[in-house]
Amino acid sequence: MQTRLKLSKNCLEAEGVLIPYDPAIITPPIAHAIKSGYFEAEEAGHIPHIVQPEDIVLDIGAGIGFISTLISRHARRVISVVANPALLPFMEKLHGLYGVNIAIRLNTVLGKTTGDSALVYEWGEFWMGCL
């Protein structure tokens, strides 16, 4: 499934969501995926058919907040969890642009252990990170 796409000034668009172009976050491979219509396309296509107005959705690995922005159109609440702290301001900006006021944004790592912090390593793209 491909997302609809058009390029706006300093933004890329997928599924009606304008994504601010910040080359520190939206690297060339990610921009290519957005421009090609494949960025999160399968997930985005399922949201209207799966998410119901009374749902509370946990978006683990929320990245830049694209999917949680789409989820917010259908759900009662979305909890967006991102491990990489560098992505949280971008997600907050994207949510702000779309008036996503039903989201809880968390910069945390989900796991069995507890602690104050964890190192997040990026392998070039935000979708290729690890702990």
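Biologist: How many aromatic pairs does a search of the whole structure find?

Modeller: One. Rings of Phe, Tyr and Trp (its six-membered ring) pair if their centres lie within 6.5 Å; planes under 30 degrees apart count as stacked, over 60 as edge-to-face and the rest as tilted. This pair is F39 with F66, tilted, at 5.5 Å centre to centre and 50° between the planes. Bear in mind that the model is predicted: local features need pLDDT of at least 70, side-chain atom pairs count only at pLDDT 80 or more, and totals for chains, interfaces and linings use all residues. Residues are numbered from 1 along each chain as its sequence is written, and side-chain values use heavy atoms, with hydrogens and water left out.

Biologist: Which parts does the pair tie together?

Modeller: F39 is in the loop between helix 1 (28-36) and helix 2 (41-50), and F66 is in helix 3 (residues 66-71), so the pair links parts 27 residues apart in sequence. Helices (H or I, at least four residues) and strands (E, at least two) are DSSP runs, numbered from the N terminus.

Biologist: Is F39 buried or exposed?

Modeller: Buried, with a relative accessible area of 2%; F66 is buried too, at 1%. Buried means under 20% relative accessible area, exposed over 50%, partly exposed in between (1.4 Å probe, protein chains only).

Biologist: Switching to S68, what does it touch?

Modeller: D59, V78, S80 and H95, leaving aside residues up to four places away in sequence; contact means heavy atoms within 4.5 Å. S68 is in helix 3 and buried, at 0% relative accessibility. A polar atom of its side chain lies 3.1 Å from the backbone oxygen of G65.

Biologist: And the largest nonpolar core, which residues touch the most other members?

Modeller: I19, I26, I34, I64, F66 and I71, out of 32 residues. Among the elements that each supply at least two residues are strand 2 (11-14), strand 3 (17-20) and helix 4 (88-97). Such a core is a set of buried Ala, Val, Leu, Ile, Met, Phe, Trp, Tyr and Cys residues joined through side-chain atoms within 4.5 Å.

Biologist: Back to helix 1. Which residues are buried there?

Modeller: I30, A31, A33 and I34. Viewed down the axis, the buried residues of helix 1 fall within an arc of 160°, so they line one face; the arc is that of the directions from the helix axis to the C-beta atoms. They pack against strand 2 and strand 3.

Biologist: What is exposed on the other side of helix 1?

Modeller: P28 and H32. Just after helix 1, G37 has a positive phi of about 85°.

How values were computed. Polar contact = N/O pair within 3.5 Å; in protein donor to acceptor, adjacent residues only side chain to side chain.
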